[in-house]
Amino acid sequence: MTNAKTLFTWAMMAGTALTISAAQPREIAGYKFTDTKVVKTTPVKDQNHTGTCWSFSITAFLENEILRTTGQEVDLSEMYPVRCLYPEKAQKFMRMEGEIRFNEGGGIKDVLYAWDKYGTVPESAYDGLAYGEDKHDHRELIAGMKGFMKGIVAKPGDRYTTAWKNALNGILDAYLGKVPETFEVNGVTYTPRSYADSFGLNMNDYISFSSFTHHPFYQNFVIEIPDNWLWTPMMNVNLDEMEQIVDNAITNGYSVAWSADMSEKTWQWGNGYATMPFIKKEKDMTEQELAKWKKMSRAERNAILDDIDGPKPEMEITQEVRQRMFDSFETVDDHLMVIVGLAKDQNGNKFYKVKNSWDTDQVYEGYIYVSSAYFRAKTIDIMTHRDAVPAAIAEKIK
């Protein structure tokens, strides 16, 4: 999604590759990360072939909150809120006459909404695998639901009948399974409502934040992204404050839900890091640099972005730069994860340790280190407990 005129010009920058020693297997692509603070967190999960990162990430976030407040490690069902909310998504799709998306995406507070309305269940009571697979794969399910809903919203009759909701629920039950009315955990019988209530969490204690100048600071606003189908408001703070909230939360043992853009070439999942290296625009190149750059193919330019051999100077991400990226759709909303730690590279640069939901078969076993610059540029929104917000900021957002 990066425009060719703002591609990273590593070919014009001198750099010496760091040797990766066999004795230091955690030093990947020249980076060596040291964790400085990591909160308690539950194991990494795998969303596999689904677009349900919103449920996996926020379910993991709530598992962390249960671990933080009770010391109890639980494994909650990610598919339960998915099953509960699809009919509501379909209803809104109908109300809007098909003029909004009906897909797998979701917002940072969707699971909190489902928790309050439908409760929660453990993974053991509802794994959502009623279709003969060992891992989640919703490609067929989504194709079926989309086709069905597009046909219904076209209104082939004079009016909608009362049957379409039951038909949609039939599709969901066939793939994900029927929701249990009761289940047993450690010899105690629960309903989804009583199980959620047993943890003592108050969903009103969790505040989401973003930072954009097209809305006033210190007021709530509804962020204009398709996945925010619930039209959930969030608090607008300045960019430095949004970063301060994360730092304060992690330092004090709170995890942070993180919605962000991971479509950049410098989101290096396989290598375990995401950065925003210094950009040299064409207008700022020397004649020699520009001539060399223009001779490169798109593939050669993109290859430069993959050739990061260790810490490099990163962009200065100001409020204005961040806003410009969002307005131009260089920054888009496409993934939700959980920030669980602070770290630094070998040069002392700050990184965030981020827990993903793409399984553990990766260099950092399911975690990625995200630079401060990447966070400032590519964050859509964050969410954490109200007690994790620095007092000075909390005073501004009463």
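Analyst: In this predicted model, helix 1 is mostly covered, with 15 of its 18 residues buried.

User: What makes Ser-55 count as buried?

Analyst: Ser-55, which lies in helix 1, has a relative accessibility of 0%. Buried means under 20% relative accessible area, and Ser-55 therefore counts as buried. Leaving aside neighbours within four places in sequence, Ser-55 is in contact with Glu-78, Pro-81, Val-82 and Val-111.

User: Why are helix 1 and helix 3 called roughly perpendicular?

Analyst: Two packed helices are described by the angle between their axes and the distance between the axes. The axes of helix 1 (residues 53-70) and helix 3 (residues 110-118) come within 8 Å and cross at roughly 65°. Angles of 65 to 115 degrees count as roughly perpendicular, and the two helices are therefore described in that way.

User: Which residues make the contact between helix 1 and helix 3, and how are they divided by class?

Analyst: Helix 1 contributes Trp-54, Ser-55, Ile-58, Thr-59, Leu-62 and Ile-66, while helix 3 contributes Asp-110, Val-111, Leu-112 and Trp-115. By class, this contact has seven nonpolar, two polar and one charged residues.

User: Why is strand 12 described as largely enclosed by the rest of the structure?

Analyst: Strand 12 (residues 367-371) has five of its five residues buried, so the strand is largely enclosed by the rest of the structure. Tyr-367, Tyr-369 and Ser-371 point one way and Ile-368 and Val-370 the other way, and all are buried.

User: What makes strand 9 and strand 11 count as pairing partners of strand 12?

Analyst: Pairing requires at least two bridges between the strands. Strand 9 (residues 273-274) pairs with strand 12 in the parallel sense over two bridges, and Ala-274 has Val-370 of strand 12 as its bridge partner. Strand 11 (residues 350-355) is joined to strand 12 by five bridges, and these two strands run antiparallel. Within strand 12, Tyr-369 stands opposite Lys-353.

Note on methods: Residues are numbered from 1 along each chain as its sequence is written. This is a predicted model: local features need pLDDT of at least 70, side-chain atom pairs count only at pLDDT 80 or more; totals for chains, interfaces and linings use all residues. Side-chain values use heavy atoms; hydrogens and water are left out. Axes are lines fitted to C-alpha atoms, for helices over the stretch in contact, and angles run from 0 to 180 degrees between N-to-C directions. Helices (H or I, at least four residues) and strands (E, at least two) are DSSP runs, numbered from the N terminus. Angles under 35 degrees count as roughly parallel, over 145 as roughly antiparallel, 65 to 115 as roughly perpendicular and the rest as oblique. Contact means heavy atoms within 4.5 Å. Ala, Val, Leu, Ile, Met, Phe, Trp, Tyr, Cys and Pro count as nonpolar, Asp, Glu, Lys and Arg as charged, and the others, Gly among them, as polar. Buried means under 20% relative accessible area, exposed over 50%, partly exposed in between (1.4 Å probe, protein chains only).
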